[in-house]
Amino acid sequence: MSKIFETAVGEGRDFLFEDEAKALCGLYGLPVTRIEVVEAEDDAVRVAEGFGFPVVLKIVSPQVLHKSDAGGVLINIRDAEGVREGYEKIIENVKARVPDAEITGILVQEMAPDGTQVIVGSTKDPTFGPTIMFGLGGIFVEVLKDVSFRLVPITRVDAEEMVREIKAYKILEGVRGMPPADQETILDILMKTSEMLVECPEIKELDMNPILVYEKGAKIVDARVIL
Ligand code: ADP
Ligand code: MG
């Protein structure tokens, strides 16, 4: 586990690549998407065919922390030809928007189906240490700041309170024909994230955004870790 951090620090990075962040999350039993980093178009096609379509392609670069801002995320790629086109396109986009970007590789991952978007994150309080944050994705966090916080470690009761105290809680129960979100899975994610934060003081900031939650289960489709 500490090896993931050592590699990043050794390469002079102050953040983990998405595949590293997800590997770390996976060690704590968090439900991340299947993922593989490749360095050649043929390998991207082979991995995509192994996962099954549709797939998502993303940039892996030490100079790119926010991947979609750099044109570095393509979703819903449906066939081998799309993978080849997407591979070229992402590199072209990133080179145009971040001219000094070194391209470490291209990340191929399974495309998660649509679900209720939630976010779990963490920042460090200078006095009290790591916090854990929960909210619904999109405008709920970005515009309305409708989030709940605790210091870690949290108990299961803390996790339940965090979920229930956001103003948009009702959305998790299913509204306007949307199915309810699996709250048991959300609690499980909060507890496991708390455990990871306690055991990994290297994590300065964590942002699992978005997590797609289904009637049963969830998929973490993006994970960012700042060291
Ligand atoms: P960024 O670094 O810009 O935050 P993300 O990895 O979050 O990049 O990708 C941008 C958006 O693409 C996500 O918010 C999500 O809507 C969509 N997305 C990314 N990965 C997947 C995936 N595996 N399955 C489904 N949607 C995805
Ligand atoms: Mg994201």
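The largest pocket of this predicted model has a volume of about 590 Å³. A pocket here is an open set of points, on a 1 Å grid over the protein atoms alone, with protein on both sides within 12 Å along at least five of seven lines. Points are joined across faces, edges and corners, and a volume is the space filled by probe spheres set on them. The pocket is lined by 24 residues, and Val73, Asn209, Pro210, Val221 and Asp222 come closest to its centre; a lining residue has an atom within 4 Å of a point. Strand 3, strand 4, strand 5 and strand 9 each put at least two residues into this lining, and strand 9 gives the most, with four. (Helices, H or I with at least four residues, and strands, E with at least two, are DSSP runs numbered from the N terminus.) Sorted by class, the lining of the largest pocket comes out as nine nonpolar, six polar and nine charged residues. For this sorting, Ala, Val, Leu, Ile, Met, Phe, Trp, Tyr, Cys and Pro are nonpolar, Asp, Glu, Lys and Arg are charged, and the others, Gly among them, are polar.

Local features need pLDDT of at least 70 and side-chain atom pairs count only at pLDDT 80 or more, whereas totals for chains, interfaces and linings use all residues; side-chain values use heavy atoms, with hydrogens and water left out.

So what takes up the largest pocket? The space is that of ligand 1, and a molecule sits in a pocket if more than half of its atoms lie within 2 Å of the grid points. The shell around ligand 1 gets two or more residues from each of strand 3 (55–60), strand 4 (73–77), strand 5 (105–110) and strand 9 (205–213). Ligand 1 is surrounded by 19 residues, the closest being Lys58, Ser68, Gln109, Ala112 and Asp222; to be near, a residue needs a heavy atom within 4 Å. The shell splits into eight nonpolar, five polar and six charged residues.

Some of these neighbours make polar contacts, that is, pairs of N or O atoms within 3.5 Å. An N or O atom in the side chain of Gln109 is 2.8 Å from a nitrogen atom of ligand 1. With Ala112, a backbone N or O atom lies 2.8 Å from a nitrogen atom of the ligand. A polar side-chain atom of Arg224 sits 3.3 Å from an oxygen atom of ligand 1. On its own, ligand 1 has 550 Å² of accessible area, and the protein covers 81% of that (Shrake-Rupley method, 1.4 Å probe).

There is also one cavity of 30 Å³ or more, a cavity being a set of points where a 1.4 Å probe fits but cannot get out. The largest cavity holds about 100 Å³ of space. Its lining has 13 residues, with Phe15, Phe17, Glu18, Val64 and Lys67 closest to the centre. Strand 1 (15–16), strand 3 and strand 11 (223–226) each give two or more residues to that lining.

Phe53 and Pro54 are joined by a cis peptide bond, with omega about -5°, and Pro54 lies in the loop between helix 3 (41–51) and strand 3. Another cis peptide bond joins Val152 and Pro153, with omega about 0°.

Conventions:
Residues numbered from 1 in each chain as written. Chains lettered and ligands numbered in written order. Polar contact = N/O pair within 3.5 Å; in protein donor to acceptor, adjacent residues only side chain to side chain.
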